[in-house]
Amino acid sequence: MTSNSRNAFPHNGSLVAAQVWPHSLLDEGIDAALDVLQHIAGANTICLVTANRGTPSYKAARWAPGHRERLGPRTVLGGYFSTPHPELYPPEALPPMKTPQNGLQEIDALAWLLEAAQARDLAVYAYLFDAYYYNPPEALSPAMATALSVDALGRPRLRPCYNNPRYRGFILGMIEDHVRSYEAAGLSGVYFQFEGFGASSPFQQLFYGQAVPACFCEHCAAQAAAKGWSAERARDGYLRAHELIHSANRDSQGGGDETALRPRDGYLVTLFRLLIRYPEILAWQSLWQETRGRMFREIYGVAKSLVPSQQVAFNIHHSHQMELFHRASFDYAEVREFADWIKPNVFHRVAGPRFARNVRALQRGLFRDWQAEQVRQLLYEAFGFGGPNNLDELTARGFPPEEFVYHETRRIVEAAGPGVPVCPGIDLEAPGSPSTEPDDVEASIEQAFRAGARGIVLSRFYDEWSLPTLEAVGRAVRRAVQP
Ligand SMILES: [Zn+2]
């Protein structure tokens, strides 16, 4: 790969990328780890976790026989694994923080990898996160309190708001910092991931979590007011809906009589009545979606206007395939407006327990008038893929690759169109996953390419993959992209 072709997708062929934490390179040794990735798994690209996320669950113990033995801590503190350049951030932005993690604090892991990768003809992306909530206190920016979201009861909580100029400035500064500071060293681009499940949109908080929904901060309220939407009415509507869903759960778990608790007209009708009386409930979901859509476009625009040769790619969280409200919020046709390529996660095995958990959560609120198995079937039909016929089996086995990997990749390839390559994330032993056998790994990669993928991204992270899994990846990659 020459420096001229470095930024041209598809990297002289198909993209075969691996997501890697910098501490894996430190613990195993950079050359040993890159040898495994390049020569056993057939990877040609590394997406290195570079900023704004720690890991509470570094699983060195999962390392299987056959690899060089790894050392290292079980958790890694977040912050920047690259070198932050504070002068590239707007004055109001939260300041970037170097990681306090021993061993990584003293080095620039991105520069280190770029140097090693150049000699090997490997492309490197800076894997950047919107994920402050994964960072322990010692890796959080000072004055975080000024950027937090605010729930419907007026309480700030540890989740920054995109409408807050301090957080928005931080995210865009992080993009500017990486495209400008590492271009000369050979960086291919930025690979960004918005947070995924649960605490993301107001509807997800309402229907999947226990927390009181957010965000009702002054910045969100001002955005809404410009559209004629009242934050007071939205807050009131969310608190009423939250009470309807959670008081029923609380009482039924305490042995209350489900039939006696049921609203006179049932849960679905009563919830819709609330939506009709408080259109601000839906408006707040729209506001969240518009805000995030603006961030996607701003990230792309900032990177491309400052350093046009840098690629901008997005990791699209599993919940966009798995979960009703994220799936509804995100139209893949829009990626043509802000992405050079995308990586939607099509983790078919860990999708089993995740999908089952989502079904049970929806059944406790929105679909409480139905049985959980009926909700599972409804969502299979609505989403257009099939799977095991009951939730226990789904949890234990996950989805077959010819259903989940194929149908989801196909759907996304058709929506994104030929201009935006789709490189799905492949499930390699994701934590919580039913066991992923080598044959299954090969089948999932085959189904991704059969559905029109232009590459794959090995997921979640290098330190989770055993050697037999990586050998299976290598066999499938050689068949699929090096015929
Ligand atoms: Zn807000």
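Two residues are taken to be in contact if their C-beta atoms, placed from the backbone, lie within 7 Å. Helices (H or I, at least four residues) and strands (E, at least two) are DSSP runs, numbered from the N terminus. The structure is a predicted model, in which local features need pLDDT of at least 70 and side-chain atom pairs count only at pLDDT 80 or more, while totals for chains, interfaces and linings use all residues. Residues are numbered from 1 along each chain as its sequence is written.

Under the contact criterion, Val 359, Arg 360, Leu 362 and Gln 363 of α13 meet Ala 372, Val 375, Arg 376 and Leu 379 of α14. By class, this contact comprises five nonpolar, one polar and two charged residues; Ala, Val, Leu, Ile, Met, Phe, Trp, Tyr, Cys and Pro count as nonpolar, Asp, Glu, Lys and Arg as charged, and the others, Gly among them, as polar. The axes of α13 (residues 351-364) and α14 (residues 372-383) come within 9 Å and cross at roughly 115°. Axes are lines fitted to C-alpha atoms, for helices over the stretch in contact, and angles run from 0 to 180 degrees between N-to-C directions.

The chain contains 18 helices and 10 strands. Its radius of gyration, 22 Å, is close to the 23 Å that the globule rule gives for 483 residues, so the chain is as compact as a globular protein of that length. The radius is taken over C-alpha atoms, and the rule is 2.2 Å times the number of residues to the power 0.38. Along its principal axes the C-alpha trace spans about 70 × 55 × 45 Å. Of the 483 residues, 53% count as buried (20 or more other C-beta atoms within 10 Å of the residue's own, with C-beta atoms placed from the backbone). Among contacts with a separation of 6 or more, 79% are between residues 24 or more positions apart.

Eight strands form an open sheet with parallel pairing, in the order β8-β7-β6-β3-β2-β1-β10-β9; two strands pair if DSSP finds at least two bridges between them. Strands β8 and β9 (425-427) stand at the edges with a single partner strand each, so one side of each is left without a neighbour in the sheet. The twist averages 30° from one strand to the next.

Thr 45 of β2 is the bridge partner of Ala 17, and Cys 47 has Tyr 125 of β3 as its partner. Seven of the seven residues of β2 are buried. Strand β3 (residues 123-129) is joined to β6 (residues 189-193) by five bridges, and Leu 128 stands opposite Phe 192 in β6.

Helix α3 lies across β2 and β3 and runs at about 165° to β2. Helix α17 (residues 438-450) lies across β9 and β10 (455-459), at about 155° to β9.

Tyr 89 lies in the loop between β2 and α3 (109-120). Tyr 89 is buried, with 20 other C-beta atoms within 10 Å. Beyond its neighbours within four places in sequence, Tyr 89 is in contact with Pro 95, Pro 96, Gly 169, Phe 170 and Gly 173.

Definitions and conventions. A residue is buried if 20 or more other C-beta atoms lie within 10 Å of its own, exposed if 12 or fewer, and partly exposed in between; C-beta atoms are placed from the backbone.
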